[in-house]
Number of protein chains: 2
Amino acid sequence: MGPAKRIELSEEQIHLIAKALADPRRMELLRQIGRGTDPVGCSSIRDCQQVSAATLSHHMKELEIAGLVKVTREGKFASYTLRRDVLQAYMDQLAQI
Amino acid sequence: MGPAKRIELSEEQIHLIAKALADPRRMELLRQIGRGTDPVGCSSIRDCQQVSAATLSHHMKELEIAGLVKVTREGKFASYTLRRDVLQAYMDQLAQI
DNA sequence: ACATCAATTAGATGCTTATCGAAATGTCTA
DNA sequence: TAGACATTTCGATAAGCATCTAATTGATGT
């Protein structure tokens, strides 16, 4: 399989994605999550980035509502994976400018 | 000729570009400026978008310091062109995530 | 049930920014 | 030079947001 379908973004989602990418910390989070293909847990993230749990939670929620990451919950843990299809859709939008 | 050289962006410029793209009004400005290849004047812009001169000036400065538009001044007029090479460099950065 | 730990939410604080009207700057023309 | 016009800058206001600590929720293991 793979990125079967091309995604269409609403103006609203474009705005959410752009805002999500406009914070350096979130950019760094995305890079870390996108480094591999496996889901990345909160603790792994906090090992690499100096940030409080509350702030991390806030940023991950922003990334999630932007559609840029998928959250997987197992028990008390949360893991994140980059949604490359959504990122690609945003790049397609920029290319259309 | 054409877009001869591939542009490298600093982290700082990446941040400036991301912030510039995160405002819906600026996004719309970019789209309008990028529509054709000719420079676009302030009055053309204000014909299409309802915005005060002061606010427009502010946004165009943000786009300029982000490197996304080139400003051409002739007498009392200012015109803008989209810097596609910079936009492309930003897209390349996103693709590297 | 209780203690512990991961993650989220609540509440507060300080910084950034979008917006406008008014004033200033710069340019053109009569 | 004086007036008209385009753009920018100034000053103020309001909204948004990043960040933290503290409190809460929810799951796990003893």
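**Close-up views of a predicted protein–DNA model**

**Figure 1. The sheet of chain A.** In this predicted model, chain A contains an open sheet of three strands, arranged in the order 1-3-2 with antiparallel pairing. Strand 1 (40–41) and strand 2 (69–74) of chain A lie at the edges, each pairing on one side only. Two bridges join strand 1 of chain A to strand 3 of chain A, and the sense of this pairing is antiparallel. Within strand 3 of chain A, A:Ser79 is the residue that stands opposite A:Gly41.

**Figure 2. The surroundings of B:Val71.** Strand 2 (residues 69–74) of chain B includes B:Val71. Apart from neighbours within four places in sequence, the residues in contact with B:Val71 are B:Glu64, B:Ala78, B:Ser79 and B:Tyr80. B:Leu56 is 15 residues from B:Val71 along the chain, and the C-alpha atoms of these two residues are separated by 13 Å.

**Figure 3. The interface of chain B and chain A.** Each chain brings residues to this contact: 21 residues come from chain B and 21 residues from chain A. Between them the two chains bury about 1,800 Å², with 71% of that area on carbon and sulfur atoms. On the side of chain B, the residues that lose the most area to chain A are B:Arg31, B:Leu94 and B:Ile97, which together account for 37% of what that side buries.

**Figure 4. Polar and charged links across the interface.** Two salt bridges are found across the interface of chain B and chain A. A salt bridge joins the side chains of A:Glu11 and B:Arg31, with an N to O distance of 3.0 Å. Six residue pairs are in polar contact between chain B and chain A, counted where both residues have pLDDT 80 or more. Helix 1 (11–21), helix 2 (24–35) and helix 5 (84–95) of chain B each give two or more residues to the side of chain B that touches chain A. Helix 5 of chain B gives the most, with seven residues. By class, this side of chain B has 14 nonpolar, three polar and four charged residues.

**Figure 5. The protein surface near DNA strand C.** Around DNA strand C there are 21 residues, of which A:Lys61, A:Arg73, A:Lys76, B:Thr55 and B:His59 come nearest. Sugar or phosphate holds 82% of the atoms of DNA strand C within 4 Å of the protein, and the rest belong to bases. Phosphate oxygens of DNA strand C lie 3.0 Å from a backbone N or O atom of A:Ala78, 2.9 Å from a side-chain N or O atom of B:Arg26 and 3.2 Å from a side-chain N or O atom of B:Ser52. Two or more residues of this surface come from each of helix 4 (53–66) and strand 3 (77–82) of chain A, and helix 2 and helix 4 (53–66) of chain B. The surface near DNA strand C has seven nonpolar, six polar and eight charged residues.

**Figure 6. The protein surface near DNA strand D.** Of the 21 residues around DNA strand D, those that come nearest are A:Arg26, A:Thr55, A:His59, B:Lys61 and B:Arg73. Among the atoms of DNA strand D that come within 4 Å of the protein, 79% belong to sugar and phosphate. From chain B, a backbone N or O atom of B:Ala78 lies 3.1 Å from a phosphate oxygen of DNA strand D.

Methods: Residues are numbered from 1 along each chain as its sequence is written. Chains are lettered from A and ligands numbered from 1 in the order in which they are written. This is a predicted model: local features need pLDDT of at least 70, side-chain atom pairs count only at pLDDT 80 or more; totals for chains, interfaces and linings use all residues. Side-chain values use heavy atoms; hydrogens and water are left out. Contact means heavy atoms within 4.5 Å. Buried area is the accessible area (1.4 Å probe) that two parts lose on being put together, summed over both. A salt bridge is a side-chain nitrogen of Lys or Arg within 4 Å of a carboxyl oxygen of Asp or Glu. A polar contact is a pair of N or O atoms within 3.5 Å; within protein, one must be able to donate a hydrogen and the other to accept it, and residues adjacent in sequence count only if both atoms are side-chain atoms. Helices (H or I, at least four residues) and strands (E, at least two) are DSSP runs, numbered from the N terminus. Ala, Val, Leu, Ile, Met, Phe, Trp, Tyr, Cys and Pro count as nonpolar, Asp, Glu, Lys and Arg as charged, and the others, Gly among them, as polar. A residue is near a molecule or strand if one of its heavy atoms lies within 4 Å of it. Two strands pair if DSSP finds at least two bridges between them.
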